[in-house]
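Visitor: I have a chain open on screen and want a walk through it. Can we start with the overall layout and then go to details?

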Amino acid sequence: MSTNDADITKLKNSSYLDLGPLYGHNEDQQNQVRSFQDGLLKPDTFAEQRLLGQPPGVCALIIAFNRFHNYIVKELALINEGGRFSLPAGVTPDSPKYGQAQAKRDDDLFQTGRLTILNLNTNPVDSDWKLDPRTEISALNSPTVPRGTGNQVSAEFNMIYRWHAAISNQDEAWAHEFMKSVFGAEVNPGTLSVDEFVGGLRRWFEGIDTDPARWTFNGLQRQQDGSFRDADLVNILQTGTECVAGALFPLSHVQASNANCSAGAFGANNIPEAMKAIEMLGIQQGREWGLATLNEFRHFFKLKTYSTFGKTH
């Protein structure tokens, strides 16, 4: 969930499964990542610059979706079922309407490819697991969640799904280095105030190139065609996965390349120091929104409420 910098009560993104970080949350963002040729995205680009401030595995994963989009679009054009992506009969490069016809073909391929990927994400192939937002959802205190009431997502839901305590020590080390690059080598994340944190990040974002095709991360360099090396992306994804899984399963099952990789357990005391300002900002934001307290939230979900702060650890 990304809120407006000027007004935190307004969201910049939707709650729909629309892959907004890849395709953008508005037309301007979307246009920045589109090549406008054959429905393709620019190589290894994504729309949301906020991802550049997250561990490299996040960027590598969204790039995988970029490549999947371009693969799907190429297949759609190759199959061309029923000639739906062919230019109108009689339209040639010399025709006055050739440019308009090409633009329509590009948009048809792009939008069809995007919808295909979004549908596959909600209906995985060869799996019993699925995330289908169209199904009936049972609520705790009513038969079903109401429908037709607009684009609603509980703000409390966003506050729950914060995985800062469970990140790997590799990503924690990355976060410390990122903080140094933004706030200076002498920064102490443990004493950084919310205002200092927000101000520093704002200045950092202002220094990012406006063209996503020139964005880089984790020291990677783009190749001549604008893409990153496959091996570099695979290494980031593999190492990131192993560093988290190594804490959950025996290393012999995970084949972790670094035996020192591990992830943290949930708990307030396990949140890395580099995330302290983010947690403080979240608490402040929740209070400004008037969200339910921890005990109110636990009561709603039929959980035992806490009587002391010590029991929350």
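Predicted model: local features only at pLDDT ≥ 70, side-chain atom pairs only at ≥ 80, totals over all residues.

Visitor: How many helices and strands does the chain have?

Guide: There are 11 helices and zero strands. Both are DSSP runs numbered from the N terminus, helices being H or I with at least four residues and strands E with at least two. Along the sequence the pattern reads α-α-α-α-α-α-α-α-α-α-α.

Visitor: What share of the residues is buried?

Guide: Of the 313 residues in the chain, 32% are buried. Buried means under 20% relative accessible area, exposed means over 50%, and partly exposed lies in between (1.4 Å probe, protein chains only).

Visitor: And what share of contacts joins residues at least 24 apart?

Guide: Among contacts between residues at least 6 apart in sequence, that share is 61%. A contact here is heavy atoms within 4.5 Å.

Visitor: Helix 7 and helix 10 next. At what angle do the axes cross?

Guide: Roughly 105°, with the axes of helix 7 (residues 194–206) and helix 10 (residues 276–289) coming within 9 Å. Axes are lines fitted to C-alpha atoms, for helices over the stretch in contact, and angles run from 0 to 180 degrees between N-to-C directions. Helix 7 and helix 10 are therefore roughly perpendicular to each other. The classes are under 35 degrees for roughly parallel, over 145 for roughly antiparallel, 65 to 115 for roughly perpendicular, and oblique for the rest.

Visitor: Which residues meet there?

Guide: From helix 7, V194, F197 and V198; from helix 10, A277, I278, M280, L281 and Q284. The residues of this contact divide into seven nonpolar, one polar and no charged. Nonpolar covers Ala, Val, Leu, Ile, Met, Phe, Trp, Tyr, Cys and Pro; charged covers Asp, Glu, Lys and Arg; the others, Gly among them, are polar.

Visitor: Change of topic. How many salt bridges are there?

Guide: The structure holds 12, each a side-chain nitrogen of Lys or Arg within 4 Å of a carboxyl oxygen of Asp or Glu. One of them pairs R105 with D38, with the closest N and O atoms 2.7 Å apart.

Visitor: Where do R105 and D38 sit?

Guide: R105 is in helix 4 (residues 98–122), while D38 is in the loop between helix 2 (27–33) and helix 3 (56–79), so the pair links distant parts of the chain, 67 residues apart.

Visitor: Is R105 buried or exposed?

Guide: R105 counts as buried because its relative accessibility is 19%. D38, at 40%, counts as partly exposed.

Visitor: What about K180 and E177, how are they spaced?

Guide: They are three residues apart in helix 6 (residues 169–183), and therefore separated by about one helical turn.

Visitor: Last one: where is N80?

Guide: N80 lies in the loop between helix 3 and helix 4. The N80 side chain reaches the backbone nitrogen of F85 at 2.8 Å.

Conventions:
Residues numbered from 1 in each chain as written. Heavy atoms only, no water. Polar contact = N/O pair within 3.5 Å; in protein donor to acceptor, adjacent residues only side chain to side chain.
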